[in-house]
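Keep the 3D view open as you read.

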Amino acid sequence: MAKIWRQTGWFSWWMVAYIMALFFCEDAWAQIRYSVQEEVNKGTVVGNIAKDLGIDLTVLTERRFRVVSGLKDPLFQISQNDGVLYLNQKIDREELCDKESVCLVNLKTVMENPLEVHYVEIEIVDVNDHSPRFPEEESRLEIVESAVPGVRFQLQAARDLDVGINSIQSYKLSQNEHFRLEVKDRGKDSKIPFLILQKQLDRETIKRHFLLLTASDGGKPPQIGAMNITVDVLDVNDNMPIFTKDVYSASIHENIPVGNVVIRVNATDLDDGANGEVVYSFGSNINNKIRNLFDLNEITGELTVKGLIDYEENNLFEIDVQASDKGVVPWRADSSVIVKVIDVNDNPPEIEVTSFSSTINEDSRPGTVVALIQLHDSDSDLNGKVVCSIEENISFKLVTTAQDTVYSLVNKAQLDREVQSQYNVIIMARDSGHPPLSSQKNITVHLSDINDNSPQFLQSPYFCYLSENNFPGSPIFSVTAVDRDQNENAVVTYHIWKDINSRNEFVSYLNINPDSGDIYALKSFDFETMKTFQFQVVAKDSGTPSLSSNVTVNVFILDQNDNAPLILSPVSTNGSTEGVVELSRNANAGHLVTKVRAYDPDIGYNGWLSFSLQQVTDPSLFGLERYTGEIRTLRPFIETDKVTHKLVVLVKDNGNISLSATATIVINAVEAKEAFASSDVKRSVKKEEENNITLYLMISLGSVSALFVFSIIGLIVMQCSKPPDYSSKYSRDSNCIDTSGNGTLCHSIQYRSGEKRYMLVGPRMSIGSTIVPGSNGNTLVVHEHSKRFSGENLSLHRLHHKDMI
């Protein structure tokens, strides 16, 4: 039956140390000791470890209370029902610990959440289950009759696999007047019997003696082994070999190459001839293990290495050697060689990783334990002293524990999965030998994601260029935002920001797909009504709590050729596009008859107008300037020319699909006097009209000037009071009129990009501008010397009013 090993005094000190360790240590640990006899049945209870450590039985299963062992089939197990430590298999002490005086098994028990380590030491108590055995049941000795009393003969010792009191305790020799028994104690349960000659032998009286040697152990009851000894009395060979030393000593390094000489023993014999020739051999007590490791040259006495010497298996050898002559009755002498093995650093450190958590949260606080690391080195002294380390440039570090060979792997800094999602930690162990040996082990630590990143748009801001007259309900643009988080934390949805305090009415005309970010227009936009607007798109992830970001989308409406030219002149009182002109028949060739004026609300080529004659009474008499709309005479009138001439003028723009309008001009040819009278009448009427118009013109010019000044002031205030807005690339629509008096009207839109300013213009490409390739012919680069154009707006307005009058 198992029992807890306790001693008076020591046990009290141990309990105090245990309680203090539980109180002051973050990772609690304790050590307890039990004992159990060998050969007991599987399932035998060793002790109630939970009760002895004061552990609540209800948490054993939850905290996974278990024995940590590197063996496939561990010797001991813990019941998680009642905390009992029991045998998992039958134990043979002799197989487990060989001849060790104390057989100890060290166990490590672990509980999780929080981590708690306890060390258990179990002593395997020997039982007397082996009897002493001699290597041979019969032994034969040859002793010369001239041997003097006191001569010693080493006998083969018996072997008992048990230890302590159960090992061999005594030898006994059967009664004989010529011999007695002497036992030499070498420690470690090793007793060597010697046969001592106590009375001169007489071969003529007795030539053969029969002895019985018995060996008994200290068990209760004791067990006995016996060996028969036959002593043959030989004739005289009166000198025996003598060793130069009773005990030889030598030191060798482990892993010494096979064949190297350890030491040379020497013995001399004073006899002559064969009786004086000495041969060497191992003592009769040498076991097979030593015979496999060493070899003794029978002639030279050199002890050489035969097998691999390992310090970790045995660091000291005591080898019995014999020297015998070649006499008919050979003499033998005994000596010992003590070989001390010097440790060599030939075992790299071993790394054992326990309680490893392969995944931790990226927001884990610095100091969180990831794994426990235990080191072991089979070498001794400095060769077995191990230092553990990891790379310094990672976010983890090693922390020493109460035991020098146990380390904790913890994070030393805040972790970020988006910077690095996993860490390959290389654990390196290095001993202090010369040269040092090292080993390493790799573990991979994965970081689990938390929602710590908001969605980020690929652009900020976005620019959308939309052709007017778009189809309602069709997609016009798409925004994309990405989230560096993972899984649900990275799922992004979109919506358009609608501020109840904002007056941005265009937001109600838009819709967005919450999953794809595609933006749809719910109405058709008109360039002539609206040039640009902006709105906000919000991207939101699906984390808890969710994070979001927004971006500004600037929409620019692009012009399409959707307006036909508008005839401004001639216009009669009833609104028809037909005019009557009187022309003197004395007019010379090149005389300006009249001028057709037209306007197109579109811009660029869509508003660039050209004139042509669709119908003319006499093509040889009148001609039309293509770009100015001026009608001039091609030759003087002749008598055969008609009095009335009808011209139909076609005005069309230069769009891809051009639009057009027509104006009819009726020209009446009159004599010079009629023309002069008519002109006087018109002049008087015109003078009266001019008197009225002058007042209107002054009022108009004042209003326009005041409106212009207030507009400039308002624009400056708005620009200073709001953040930079890329939509300001476009300036307000302004009318531009050909100052040369050609009568062609146009629109222009100015915007800036980098160091250049661009202007979309109508029919005439003047003002020192150049066409930019790839701009569809509508985009002009305005040079610095053209900046005066903005200052000439007032004069252009005046010209426009003058032409209209």
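Start with Arg632 and Glu630, whose side chains form a salt bridge, 3.1 Å from N to O. Keep in mind that this is a predicted model. Which of the two partners is buried, and which is partly exposed? Glu630 has a relative accessible area of 15%, and that is under the 20% cut-off, so Glu630 counts as buried. Arg632 comes out at 31%, so Arg632 is partly exposed.

Now move along to Arg635. The side chain of Arg635 meets Asp618 in a salt bridge, and Arg635 also has a salt bridge with Asp641.

| Pair | N to O distance |
|---|---|
| Arg632 and Glu630 | 3.1 Å |
| Arg635 and Asp618 | 3.0 Å |
| Arg635 and Asp641 | 3.0 Å |

How far apart in the chain are Arg635 and Asp618? They are 17 residues apart, and the pair links distant parts of the chain. Arg635 sits in the loop between β48 (630-633) and β49 (644-652), while Asp618 sits in the loop between β46 (610-616) and β47 (622-624).

As a general idea, side chains of opposite charge can pair when their charged atoms come close.

Next, the greasy side of things. In soluble globular proteins, nonpolar side chains tend to be buried together. The largest nonpolar core in this model holds 30 residues, and those with the most contacts inside it are Tyr171, Phe179, Leu195, Leu213, Ile229 and Val231. Two or more residues each come from β9 (138-144), β11 (168-173), β13 (190-197), β14 (208-217) and β15 (224-234). Zoom in on Tyr171: beyond its close sequence neighbours (within four places), its contacts include Phe134, Ala157, Leu181, Lys191 and Leu213. There's also a second, separate core of 29 residues, with Ile256, Phe282, Phe294 and Val321 among them.

Last stop: strand β28 (residues 386-389). Which of its residues are on the covered face? Val386 and Cys388 are, while Val387 and Ser389 make up the uncovered one. β28 runs antiparallel to strand β31 (residues 422-431), and four bridges join the two. Look for Ser389 in that pairing, and you'll find it opposite Met428 in β31.

Key. Residues are numbered from 1 along each chain as its sequence is written. This is a predicted model: local features need pLDDT of at least 70, side-chain atom pairs count only at pLDDT 80 or more; totals for chains, interfaces and linings use all residues. Side-chain values use heavy atoms; hydrogens and water are left out. Buried means under 20% relative accessible area, exposed over 50%, partly exposed in between (1.4 Å probe, protein chains only). Two strands pair if DSSP finds at least two bridges between them. A nonpolar core is a set of buried Ala, Val, Leu, Ile, Met, Phe, Trp, Tyr and Cys residues joined through side-chain atoms within 4.5 Å. Contact means heavy atoms within 4.5 Å. A salt bridge is a side-chain nitrogen of Lys or Arg within 4 Å of a carboxyl oxygen of Asp or Glu.
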